[in-house]
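Please look over the sequence and the structure before starting.

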Amino acid sequence: LSARWPPFQKIQINPSDPPRLADRKARWGGGAPGAGNGGPRATGGSWWRTIAYSIRAGEPLPPSSSSFSSPSSSSSRGCCRTALSCSAWCLAFFAVLVAVLAAYVQSSGVSIEGLLYRIESAAYRRFIHLNAEIKEMKGGEDRQRFFDRKDFPIVQDFEANFKKIQDELDYVMKNVRTPQFDAVVDGQAFLNKDQAWSVFQFRVYNQDLDFNAKYCPVTAGLIQAHPEISYAMFSILEGPKHIPPHEGLYSGVLRIHVPLRIPSDCNTPGIRCEIRVKNETRMWQEGECLVFDDSLEHEVHMQSEGIRAVLFLDIRRPLPFPQNVLNYLFLWYSRYIGVVQESVEKARAYTMSERNPSRRKNRKKRWRAAEKS
């Protein structure tokens, strides 16, 4: 906390401070008047700061006088009692909540499964409403298509590590069996009829795939450092490839493409390599991210015979309160959906199974052709 949050940073007491200022600093974490580095700063006496002090490294709460007390002082014991009291209240609240739900189930004759079904149905209706609300808030069908990548700090981290991520992609393509997109994500066969779109997933709706992460420690580490990412994978197209027009299911996320491998003949006369979102198109440039709204209609044209590979990221969309809280909750809960669990198990089966020699040979042939081009 002290590294990120100013209220918990240490303060200095300077010999030149007036007595009243030095005394105030000493009372709230600065140490004895005239001393050097003090203890943790607490710029007030609110209860939440009291609890934070009791949790932080066993340090005592700053005393009410200008002199410090030992960790076994009455203020420290009082601080711990405050924290324990708060924990007791939280436990009591949840106990009451469970009791109320149990009483409701018993009186209404509804089973636990029925109650959970009702809760999930209500949550799904709220999800549909929130999705429509976000679309309307952002301009409906006329909402922004592409975004300036400089407005997203997350982009800088991935662009700065572009070469390392690219090396890990090369390793995966040459040594790991990667499934077709529709083989691990149900209902996507219409996007991959030619079986030329393979993927290597790192995170599926906030659930990390550790069995894939071990092959790409840099990429997986960057993804794990950004909890706002809800979905992450290598997306590999073996050209020529066309992904037909389609729309993402949810407008509470934005999509980022980190271009890792783009064929050298892309966007030359007669060869289109682009992504279209509604009426706007963009071309990929290695190392330069694209940020767009995938809940709008979009499609991909990749007419080169080489390989186009990007790191595909879905991030939480910046929203005002209370939509941001609801968006966070829905994306967090998505990891428990049955379809997501099935997708994770399919990805695990592909990674853990033996490689298909004929497919690997064909992939290496295409890869060498792309390198020569």
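**Exercise 1.** Determine how much space lies in the second largest cavity of this predicted model, and work out which residues and elements line it.

*Solution.* The second largest cavity holds about 40 Å³ of space, and it belongs to a count of 3 cavities of 30 Å³ or more. Its lining is formed by Phe-202, Asp-208, Leu-209, Asp-210, Ala-213, Ala-220, Ile-223 and Gln-224. Turning to the elements, helix 8 (210-213) and helix 9 are those that give two or more residues to this lining, and helix 9 gives the most, with 3 residues. Sorted by class, the lining of the second largest cavity comprises 5 nonpolar, 1 polar and 2 charged residues.

**Exercise 2.** Describe how helix 6 and helix 9 pack, and decide which class of packing angle applies.

*Solution.* Two packed helices are described by the angle between their axes and the distance between the axes. For helix 6 (residues 162-175) and helix 9 (residues 217-224), the angle is about 125° and the axes lie 8 Å apart. Because angles of 65 to 115 degrees count as roughly perpendicular and those over 145 as roughly antiparallel, helix 6 is oblique to helix 9. On the side of helix 6 the contact is made by Lys-164, Ile-165 and Glu-168, while helix 9 contributes Pro-217, Val-218, Thr-219 and Leu-222. The residues of this contact divide into 4 nonpolar, 1 polar and 2 charged.

Terms used: Residues are numbered from 1 along each chain as its sequence is written. This is a predicted model: local features need pLDDT of at least 70, side-chain atom pairs count only at pLDDT 80 or more; totals for chains, interfaces and linings use all residues. Side-chain values use heavy atoms; hydrogens and water are left out. Axes are lines fitted to C-alpha atoms, for helices over the stretch in contact, and angles run from 0 to 180 degrees between N-to-C directions. Helices (H or I, at least four residues) and strands (E, at least two) are DSSP runs, numbered from the N terminus. Angles under 35 degrees count as roughly parallel, over 145 as roughly antiparallel, 65 to 115 as roughly perpendicular and the rest as oblique. Contact means heavy atoms within 4.5 Å. Ala, Val, Leu, Ile, Met, Phe, Trp, Tyr, Cys and Pro count as nonpolar, Asp, Glu, Lys and Arg as charged, and the others, Gly among them, as polar. On a 1 Å grid over the protein atoms alone, a cavity is a set of points where a 1.4 Å probe fits but cannot get out, and a pocket is an open set with protein on both sides within 12 Å along at least five of seven lines; lining residues have an atom within 4 Å of a point. Grid points are joined across faces, edges and corners, and a volume is the space filled by probe spheres set on the points.
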